[in-house]
Amino acid sequence: MYSRLYLPGRRPVFWNCFGMRKTGTKVRGGKVSKSTRGTIVKKPHGVKIGTLNYEVEYCSPLTDGDSSQLLYGHHMHSAIKIKIASDYPEERQRETFVHECLHAVDSRYCNDKLTEDQIACLSNGLFDWIRANPEAIDWVKGK
Ligand SMILES: [Zn+2]
């Protein structure tokens, strides 16, 4: 099972940064960028969802099963893997990462009840909330 962020003929309206490329410093295994607090952060290569440790892989290009369509991201619950297309701007990759993680949360906690539109709405809202509230996130983490 995979999730598709790109729907034919329907460009998501919530991504307005298409074509803008952020540059970062190349390091072992990928680019790094600065967080909102100025610390250097690396792309995650793993993420824990419930008791599962998902592998996060960055691919270029990332296509669906029959290679007929380019994807921004791909959640594979049975393989415990999330794939992110690395040939898009970092901002898009971050949004996609949150989106695919929500698919994993949906699989783990909601029996895949959420629709693609619900995942898209929630992931966009969560993405904005995470970026706007780093202190609140620290508080939630208990740190
Ligand atoms: Zn999706």
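Among contacts in this protein between residues at least 6 apart in sequence, 57% join residues at least 24 apart. The model is a predicted one. The chain has 143 residues, and 21% of them count as buried.

The protein contains three helices and seven strands. Read from the N terminus, the order of elements is β-β-β-β-β-β-β-α-α-α.

Strand 5 covers residues 52–59 and strand 6 covers 73–76, and L62 sits in the loop between them. P61 is found in that loop between strand 5 and strand 6 as well. The peptide bond leading from S60 to P61 is cis, its omega being near -10°. In general, most peptide bonds are trans, and most residues other than glycine have a negative phi.

Is L62 buried or exposed? A residue counts as buried if 20 or more other C-beta atoms lie within 10 Å of its own. L62 has 22 other C-beta atoms within 10 Å, so L62 is buried. Apart from neighbours within four places in sequence, the residues in contact with L62 are L70, L71, H74, K83 and A85. L62 can also be placed relative to G73: the two are 11 residues apart in sequence, and their C-alpha atoms are 7.4 Å apart in space.

Helix 1 takes in residues 90–109, which makes 20 residues. From its first C-alpha to its last, helix 1 reaches 28 Å, close to the 28 Å expected at 1.5 Å a residue.

Helix 2 comprises residues 116–132. Two packed helices are described by the distance between their axes and the angle between them. The axes of helix 1 and helix 2 come within 9 Å and cross at roughly 125°. The two helices, helix 1 and helix 2, are therefore oblique to each other. The crossing in which helix 1 passes helix 2 is right-handed.

Which residues of helix 1 and helix 2 meet? On the side of helix 1 they are E95, V98, H99, L102, H103 and D106; on the side of helix 2 they are I119, A120, L122, S123, L126 and F127. Sorted by class, this contact of helix 1 with helix 2 has seven nonpolar, three polar and two charged residues. An α-helix has 3.6 residues a turn, so residues three or four places apart point the same way.

The loop between helix 1 and helix 2 holds N111, and D112 has its place in that loop between helix 1 and helix 2 too.

Helix 3 spans residues 134–141 and is hardly covered. Of its eight residues, the count that are buried is zero. Just after helix 3 comes G142, which takes a positive phi of about 80°.

Notes. Residues are numbered from 1 along each chain as its sequence is written. This is a predicted model: local features need pLDDT of at least 70, side-chain atom pairs count only at pLDDT 80 or more; totals for chains, interfaces and linings use all residues. Helices (H or I, at least four residues) and strands (E, at least two) are DSSP runs, numbered from the N terminus. The expected span of a helix is 1.5 Å times one less than its number of residues. Axes are lines fitted to C-alpha atoms, for helices over the stretch in contact, and angles run from 0 to 180 degrees between N-to-C directions. Angles under 35 degrees count as roughly parallel, over 145 as roughly antiparallel, 65 to 115 as roughly perpendicular and the rest as oblique. A crossing is left-handed if the near helix is turned anticlockwise from the far one by less than a right angle, and right-handed if clockwise. Two residues are in contact if their C-beta atoms, placed from the backbone, lie within 7 Å. Ala, Val, Leu, Ile, Met, Phe, Trp, Tyr, Cys and Pro count as nonpolar, Asp, Glu, Lys and Arg as charged, and the others, Gly among them, as polar. A residue is buried if 20 or more other C-beta atoms lie within 10 Å of its own, exposed if 12 or fewer, and partly exposed in between; C-beta atoms are placed from the backbone.
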